[in-house]
Amino acid sequence: MVDKQIALSGEKPAGGRGYARTRRKIEDIVGMFWRGIIYLFLGFWSIIVIFPMVWVIGSSFKTTGEIFMSPWLPPAQLMWDNFARAWTKAFIGQYLFNTLVVIIPAIFFTLLFSAMAGYVLARFQFPGNRFIFYAFLGGMLFPVMLALVPLFFLLDSMHILDSHFGLILVYIAYSLPFTVFFLTGFLKTLPNELLEAAIIDGAGPFQLFFMIVIPLAKNGLVSMAIFNFLGQWNQYILPLVLLTDSNKYVLSQGLAFLSQQQRYQNDWAGLFAAIVIVMVPTLVVYVLFQNQIQRGLTVGALKG
Amino acid sequence: MYKNKYRVIVPFLAPAVILYLVFVIYPYARSMYNSLTSWKGVSSHQPFVGLYNYGRMIQDELFWNALSHNLQYLLFIPLITISLSLFLAFMITQRIRGNRFFRVTFFFPQVVSVISIGVLWSYIFHPTIGVLTSLASMLGLEPFFQLLGFEGIPVWMGDPRTVRISIGGVVIWQAVGFYMVLFLAAMEAIPQTFYEAAILDGANRWHQFRHVTLPLLWDTMQTALVFAALGAFDMFAITKVMVVSGSSTGRPADVLATYLYEQAFEASRFGYATAIAVSLFLMMLALSVFTMRVTRRETVEY
């Protein structure tokens, strides 16, 4: 960078060889100094980000006694039992199971319904097309807070309050606006020729959609699967309001419940283990698919 | 394409539209109406009271208490988060070794759920088992805090004076990586030739950043500001999980979202709670329009 700067700036060293060498040396020192400062800042922030997580993982292997003795000492022995307790006695296993029961169908149907709607909105002209598209878009303006009370009573009157089925429907409905918006844009870019050729070959509309459109839209669907997975996995307020039976709690809700409970029960070691069980899998998945996930998560903020 | 295209359009649109109408549009519309009733939730009877709830809200000290906390967050969180993430993004683009590592690491907190983050930090802040108080006393910061008027090292989440700083700090800690990645993506989209031209004109690093990068990032900055501002007006999950309701720091940590949740699902004042929710929505809407307006300038196309 520095060398290039000299080369491009067109300044010819004025005072012969000796001058050029001194000048090069000064540039080198400035460059090193600059680099040092950059590493200092970046390293500092890395520690701030990593340390809390490492600390929790370390504490999750201690006994509750050790946790109270000093926050700095490493565990004398790895207490794997903490994890077993968190999994069974603190119901983390149950919460994880509940979460999967909810988000697997929720994500599947979010993608299916959004792709179907997006396909029609992207490729068919009919009166009301734009209206429906903007109605979905408008849904992104409203905070979920605003819908909570009527939603609670609506589900109650439909007898699906406090059920995973009800939560699945709500998750799908609230994931639709962005997913429909994104997939409509995505499906507009599909090549026409391919679809027309399939129609000429006699493909019916459903065949066309499932055999041609869906495979072509794979990349868009994967982005949306990641985006919705993280959104629904981390969802807190909807289950908090819509699930009251603690046997049905999802992970985020269960962990919050546990931390408020444990304050009285004093099994700190078990709680630390619970946080680790919840935290580490998403971190591992992230490290494996970092690019897709960074793109998937920021896609909501970037212009289409 | 097909003889009767509505045979395709209707069944393809139906599931999405029906779910959306029933579970999203209807509750939003219903909220607007509910806020005009004094509904307690027990009976289907919903006495219409006009703007009574809104009048009561204006006189409710706890409403203003919660709102003032949102405004404090709004004042500090977006500004600090965005400057910090822009600064880190700038550092990472300085072609240094290991930038891949920093890029992955800084995004970590973003993939962990807010709930795990909240629980994790409430233990870091814990006065006896937490690592922060211990660190502060090891660094000999006690006199410093006494100078600020504390008795010693503050109890972070347990002190009304520090509870919002603690929560705000966690939110910033989590969000910085997200905005950094956003800015990095935008920075990398800027053609290299722009920088080469600037270098030819004798621009140093700061000038390049100030006169090439920043103007071209303006669109992304605007989006980021709106996002961060709306985030400061939410704060529900993090507050709910870090603060034990009914504790001494309950009220000092209140934000509109937690207050309206309490009014609805703990006090069963559903009409009143929806009035707060409608106000929250209108404030958020005004805030985004305002942010877009104030930050609008000629965008530079390339």
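pLDDT is the predictor's confidence in each residue, from 0 to 100. The views below come from a predicted model, in which local features need pLDDT of at least 70, side-chain atom pairs count only at pLDDT 80 or more, and totals for chains, interfaces and linings use all residues. Residues are numbered from 1 along each chain as its sequence is written, while chains are lettered from A and ligands numbered from 1 in the order in which they are written.

**View 1. Confidence along chain B.** Helices here are DSSP runs of H or I with at least four residues, numbered from the N terminus. Among the elements of chain B, helix H3 (residues 61-92) has the highest mean pLDDT, 95, and helix H12 (residues 250-253) the lowest, 86. Chain B as a whole averages 89, with 95% of the residues scoring at least 70. The model scores ipTM 0.88 and pTM 0.88.

**View 2. The largest nonpolar core.** Such a core is a set of buried Ala, Val, Leu, Ile, Met, Phe, Trp, Tyr and Cys residues joined through C-beta atoms within 7 Å. A residue is buried if 20 or more other C-beta atoms lie within 10 Å of its own, exposed if 12 or fewer, and partly exposed in between, with C-beta atoms placed from the backbone. This core has 171 residues, and A:Ala173, A:Ala274, A:Ile275, B:Leu260 and B:Ile276 touch the most other members. Helix H8 (residues 164-188) of chain A gives the most to the core, with 15 residues. Domain 1 (2-59) and domain 2 (84-298) of chain A both contribute residues, so the core lies between them; these bounds come from an automatic or database domain assignment. The C-alpha centres of the two domains lie 44 Å apart.

**View 3. Around B:Leu260.** Contact means C-beta atoms, placed from the backbone, within 7 Å. Leaving aside neighbours within four places in sequence, B:Leu260 is in contact with A:Met145, B:Ala273, B:Ile276, B:Ala277 and B:Leu280.

**View 4. Helix H7 of chain A.** Which residues of H7 (residues 148-157) of chain A are buried? They are A:Leu148, A:Val149, A:Pro150, A:Leu151 and A:Leu155. Their cover includes H8 and helix H12 (237-242) of chain A, together with helices H1 (6-34), H13 (256-265) and H14 (270-294) of chain B. Just after H7 of chain A, A:His159 takes a positive phi of about 60°.

**View 5. Two loop residues with positive phi.** Most residues other than glycine have a negative phi. A:Phe91, in the loop between helix H4 (81-88) and helix H5 (92-123) of chain A, has a positive phi of about 65°. A:Phe91 counts as partly exposed because it has 19 C-beta neighbours inside 10 Å. B:Trp156, in the loop between helix H7 (142-147) and helix H8 (163-188) of chain B, has a phi near 40°. With 24 C-beta neighbours inside 10 Å, B:Trp156 counts as buried.

How values were computed: Contact = placed C-beta atoms within 7 Å.
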